[in-house]
Amino acid sequence: MKKIKQRAILYAMGLVVLLVVIFISTIIQDKKKVLDEKTSAHRSLLRNAFDLSLLDTEKGLSDLACKISSNRDIVDAFAARDRETLYRLTLPYFQESKRRGEVDMSGFVGADGAHFLRMQDPQKYGDNILKKRPLLAYALKTRKPITTLDVTIYDVALVTIIPIFKNDTFIGIIQTVAKIDRVQKRLDAHSGIKSAIAFNTQKLKMVLPNDQKISYSGFSLVSSNDPLFEHLPSTFSFYQSNRYEIDNLDYVIASRSLSNYHNETIAMMICAFDITNDVKEYNAEIRNLLIISLILLTVVGIVLHFGFRILIRRIDSDAKITRELNQKLEHQLHTDHLTSLPNRNALIRDIHSTRFYALILLNIDNFKEINDFYGHAIGDETLLALSRSIREAIQKYPMKLYKMPSDEYAIVITEPMSSLQLEVSRTDIVHYLQSKYYDVHGASIYVALTMGMDISMRSRNTNSLLANADMALKAAKKRHLSYMLYDETMQIKQEYQNNIFWSKKVKEAIEEKRFCLYYQPIIDPKNGDIVEYEALIRMIDSNGSTIPPSYFLPAAKQSRLYPLISQFVVTEVFKMLESTSDHYSINLSVDDIFDKPTKEFLIHKLRTSAHAKRLIFELLESEGIENYQEVSSFIAEVKQYGCRIAIDDFGTGYSNFAHILQLDVDILKIDGSLIRNIDNDPNAQTVLIAITEFSKRLGLKTVAEFVHSEAVYNKCNELGIDYLQGYYISEPKPLG
């Protein structure tokens with residue numbers, strides 16, 4: 001018996017040692033995988049950070065070039081070859097952009113190829129360097145906008161070139177230039193990333209033959225924000241993203257090629273990220289793992305020595321009972337009883353124990369209608385059929401499906417995927433599911449879905465994936481979108497809290513009848529007569545203060561109290577129609593039009609009133625009036641009673657003239673963003689001239705909102721706007 005026990009202990013110890021070795025090996029591989037994943041994430045961060053910095057620099061150059069080329073006086077001075085006037089007009093733009101750190105150089109080149117004006121060196125002009133600067137020759141030839149890397153006589157730089165025309169005649173180009181080290185400065189300021197740019201040595205020597213730069217594999221280092229790049233190891237390669245040890249520190253160094261206007265690789269962007277702490281953490285974890293494993297082996301050997309047989313028997317018996325109980329509890333607690341899929345409890349458990357890279361929530365938009373129309377039995381069968389379809393759709397991806405409560409599903413991405421791969425897979429799943437019709441007991445059922453998604457790398461806490469995806473889903477439904485990706489800038493949590501606060505105040509105000517209407521006059525500037533009053537809702541707070549609608553209307557819409565407010569406005573305006581001879585306008589949202597009780601209440605008022613011809617309905621141009629069929633039907637119905645239709649905030653939102661061509665409207669109310677600076681903004685004046693000309697050709701009246709000063713009043717009158725409204729004329733106030 002003793003020999004058998006010793007032999008059993010030896011076999012057991014050998015087995016334990018083998019298991020520990022396998023365990024250690026597996027853990028080491030997992031830790032290495034985690035380190036590689038972190039390294040991969042760093043590479044992605046480097047690439048994304050550079051792209052943002054480059055785009056930021058390009059935007060500054062393009063903005064400056066566009067501002068200069070769109071100034072009519074500057075174009076006239078350039079065409080007239082008036083260098084002094086051209087320099088005086090352009091200098092403020094150049095100095096302001098340079099002060100913001102967006103540009104280093106700028107200049108005009110005539111159509112003949114000669115430099116006409118250098119903003120940074122106005123005394124130097126007339127030279128022709130098209131042979132050294134093929135980019136300028138190419139721009140003069142093609143006469144198209146270009147943004148690219150190039151070598152100037154000063155240094156390697158990012159260049160934006162825009163052609164300039166006067167009356168369809170090409171007169172030259174404007175170029176704006178930022179030295180390439182500005183990209184490094186932005187990269188360092190935004191992300192704290194070490195970066196450098198190496199330019200093609202041969203092309204660099206063509207323009208700067210005496211320039212001495214450190215060279216790597218045919219590329220010369222022209223700009224960097226850290227001395228690290230002056231001592232890269234001999235194994236460094238532009239074409240591989242690897243980890244390197246430099247001065248006892250570990251770095252991820254990644255490169256990407258930069259092309260010119262001919263799509264030739266002329267430079268390499270190099271970025272480095274310090275991962276020394278990640279490597280140290282990995283080594284420390286492996287060391288600790290080995291120590292724990294040795295301690296574990298010692299303890300196991302002692303336990304086996306003193307009670308092998310009893311321990312094994314008891315463990316086996318207890319484990320069997322525990323397994324059976326755990327299996328039953330696991331199934332009840334973590335499995336959906338209808339679909340047999342893992343449920344919400346399972347998802348929460350797995351989120352805390354497993355690294356998920358993204359989470360998608362799917363909600364059936366029309367499930368209530370399916371249940372109400374076909375019954376719960378067919379509703380359940382629809383859920384089962386959809387479960388099978390989702391599993392089919394995701395089977396080729398590293399994804400796992402969970403059944404959430406009611407009519408929701410969750411899909412988790414279990415392995416790393418790039419943003420592009422994630423979007424492609426999501427689109428593929430949506431197309432697959434939306435192409436399905438389900439034959440359930442003879443009924444052909446189509447399921448409409450809304451998606452909300454969160455990506456773990458975008459969230460501070462992986463455990464918040466579910467909550468963030470849920471907020472994105474709710475935001476998508478609120479905005480009538482089929483999909484939304486969670487973003488911290490959405491501020492959904494704050495919006496929820498704000499809505500709760502204002503919903504309570506609106507409910508109390510409705511119960512206590514603390515609403516009133518303010519009226520703002522709209523005048524004819526030719527004679528100063530008031531042509532109509534716009535009715536504007538106000539809420540009276542419990543302390544007697546007046547609250548504007550921007551505070552409480554969004555919450556009223558969320559809490560479904562908005563129809564009561566709309567009906568109050570309609571009732572009060574009809575009272576004014578009965579007691580006065582003035583014309584009045586009411587703001588209507590698409591919610592009012594689509595809400596059946598509100599619409600019926602409004603039509604009833606029109607039908608029973610003798611003064612409907614003095615009523616104007618203002619529709620917000622930015623609020624979904626692209627639903628032409630339903631909106632057009634409403635317009636046609638109210639016009640039967642003599643009402644007129646105005647488009648409010650024209651020039652915002654979907655802001656094209658297609659709305660006006662398809663909707664039978666009478667008045668365009670031009671948005672305040674176009675009016676506010678109309679007295680000194682040439683671009684706004686150009687847009688306004690187009691709108692007024694367009695309106696006159698269609699026989700429409702125009703109203704300028706936010707007329708806040710005498711200068712704006714005079715300019716609007718000068719531009720031919722029919723009616724004016726704003727605080728300069730009168731602020732909203734009660735009538736009577």
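**Before you select anything**

Residues are numbered from 1 along each chain as its sequence is written. In this predicted model, local features need pLDDT of at least 70, side-chain atom pairs count only at pLDDT 80 or more, and totals for chains, interfaces and linings use all residues, while side-chain values use heavy atoms, with hydrogens and water left out.

**Stop 1: R133 and D150**

Searching the whole structure gives 26 salt bridges. The term means a side-chain nitrogen of Lys or Arg within 4 Å of a carboxyl oxygen of Asp or Glu. Select R133 and D150. Their closest N and O atoms are 2.7 Å apart. R133 sits in the loop between β2 (115-118) and α4 (134-142), and D150 in strand β3 (residues 146-151). The two are 17 residues apart, so the pair links distant parts of the chain. Helices here are DSSP runs of H or I with at least four residues, strands are runs of E with at least two, and both are numbered from the N terminus. R133 is buried, at 3% relative accessibility. D150 is buried too, at 12%. Buried means under 20% relative accessible area, exposed over 50%, and partly exposed in between (1.4 Å probe, protein chains only).

**Stop 2: E618 and K669**

Move to E618 and K669. This salt bridge has its closest N and O atoms 2.9 Å apart. E618 belongs to strand β23 (residues 615-620) and K669 to strand β25 (residues 667-670), 51 residues apart. E618 is buried at 1% relative accessibility. K669 is buried at 1% as well.

**Stop 3: D664 and K639**

Next, pick D664 and K639. Their side chains form a salt bridge at 3.3 Å, N to O. D664 lies in the loop between α19 (658-662) and β25, K639 in helix α18 (residues 628-639), so the pair ties together parts 25 residues apart in sequence.

**Stop 4: α10 against α11**

Now show helix α10 (residues 376-394) and helix α11 (residues 419-434). Their axes come within 9 Å and cross at roughly 145 degrees. Axes are lines fitted to C-alpha atoms, for helices over the stretch in contact, with angles from 0 to 180 degrees between N-to-C directions.

Which residues of α10 meet α11? Select L386, S389, I390, E392, A393 and I394. Contact means heavy atoms within 4.5 Å.
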